[in-house]
Amino acid sequence: MKKWIMILAASVLALVLSACGQTATPKEDSETGKEDKVIEKSDLTIEEVMEKANAASETMQSMHADMEITQNMQMGEEEQVVNSTIDMDMILEPLAMRQTMNMEMAGEEMAMDLYMTQDGFFMKDPESGDWMKLPNEMYEEVAGQVAGSANTQVDYSLYEQFADDFKFEQTDDEYVLRLKGSGEKFSGLMKDLMKENMPAGMDEAQLDMISQMEIESIDLEFTIDKKTFYTKNLDMDMVLTMEEQGQQVKVAQKIKGDISKINEIDEIKVPKEVIDGAVDINEAMEQQQ
C-alpha cells in the first residue's frame with residue numbers, strides 16, 4: 001500500500017513539473033462549481049510550486065500521518081472488502097516509527113501495533129496481544145528501503161504527454177493539484193514508474209503481474225501549504241485490473257491521508273514494558289524446533 005502511494009506521488013510530481021508556465025486558478029466548490037474567493041492570490045507556476053515543495057520535502061525530518069484506506073477486490077464471483085485506518089508517527093533519520101493499524105475484513109476486526117527504533121523492531125501479536133521482538137535485520141532492511149525511496153530522480157520525458165491532464169487551483173492557504181487519468185497511456189506510465197520504484201528482490205511472478213496491470217481510472221488530489229510548501233493531504237481513488245491464476249482481478253482502492261506535526265516530533269520511544277515483556281521471535285522459533 002505504501003509503495004502505491006510513493007509511486008503515485010512521484011508520478012504527480014513529474015507530471016506537474018512538465019507543465020511550465022501555468023498559474024493556479026481559484027479552487028472550485030465540488031458541489032456548486034463556484035470559485036472560492038482568493039484574497040492572497042499567488043502567481044507562482046506549477047513548476048515553481050512543485051520545485052519549492054520538493055525542496056521543502058528535503059527538510060522534513062519527522063511527521064504524523066492519519067490514513068483511511070478502502071480496498072475492494074473482485075475475482076470472478078468472489079469479492080473481498082478491506083477497510084483500514086493507520087495512525088503513525090515517524091522520524092526519518094535515524095528511522096523511528098510508531099504505528100497503529102486497524103483493519104476490518106469479512107466481518108472481523110484486527111489491530112496491529114508496532115514500534116521501530118534503534119532499540120529494535122517490536123510488533124504486537126493481534127491474536128494473543130503479546131509483544132514480539134523481530135530480527136534486527138528487519139529494521140535495517142526497512143531503514144534501507146526508506147532511505148532509497150528518498151531518491152526523486154525521474155525521467156520527465158515520460159510525462160510530457162500528460163501536461164493537460166490535471167487542474168492546478170488555490171485557496172488563500174493552499175495549492176490544490178488534481179489529476180484524473182485512464183486508459184492505455186496512463187497504464188503504461190504507471191507500469192514504468194512501478195518498475196523504477198519496485199523494491200529489491202521482486203520475483204518474476206511479481207514483475208509479470210505488473211506487466212499485466214491495467215489502470216481503468218485514477219483520481220488524485222494533493223494539497224500543498226502555501227507558506228511551508230509541505231504536502232498536507234492526499235486523496236486517491238483508483239481502479240485497476242490484473243491477471244492472477246488465470247483469472248481477472250479488479251481492485252478498487254480509495255486512500256485519504258492527512259499529514260501533520262511536520263518536524264515537531266523529536267523522539268519516539270519504545271515503552272519500557274514493551275521492551276521488557278517482548279518475546280524474541282528467533283528464540284521462540286528455536287524453542288519450538
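Q: Hi! Are Y175 and F229 buried or exposed?
A: Both Y175 and F229 are buried. Keep in mind that this is a predicted model.

Q: Good to know. What is the geometry of the Y175 and F229 aromatic pair?
A: Their rings are stacked, at 6.1 Å centre to centre with 20 degrees between the planes.

Q: And where in the chain do those two sit?
A: Y175 belongs to strand β9 (residues 174–181), while F229 is in the loop between β10 (214–225) and β11 (231–244). They are 54 residues apart, so the pair links distant parts of the chain.

Q: Which residues make up the ring cluster?
A: F168, Y175 and F229 are linked into a cluster by ring pairs.

Q: What lies over the face of Y175?
A: That would be K226, at 5.6 Å from the ring centre.

Q: Nice. How many aromatic pairs turn up in the whole structure?
A: The search finds 3.

Q: Switching topic: how many helices and strands does the protein have?
A: There are 7 helices and 13 strands.

Q: And what share of the residues is buried?
A: Of the 289 residues, 39% count as buried.

Q: Last one: what is the accessible surface?
A: About 16700 Å², with 47% of that belonging to carbon and sulfur atoms.

Methods
Residues numbered from 1 in each chain as written. Predicted model: local features only at pLDDT ≥ 70, side-chain atom pairs only at ≥ 80, totals over all residues. Heavy atoms only, no water. Helix = DSSP H or I, 4+ residues; strand = E, 2+ residues; numbered from the N terminus. Buried < 20%, exposed > 50% of the residue type's maximum accessible area, 1.4 Å probe, protein only. Areas by Shrake-Rupley, 256 points an atom, 1.4 Å probe, with all protein chains shown as cover. Phe/Tyr/Trp six-rings, centres within 6.5 Å; stacked < 30°, edge-to-face > 60°. Lys NZ or Arg CZ within 6 Å of the ring centre and 35° of its normal.
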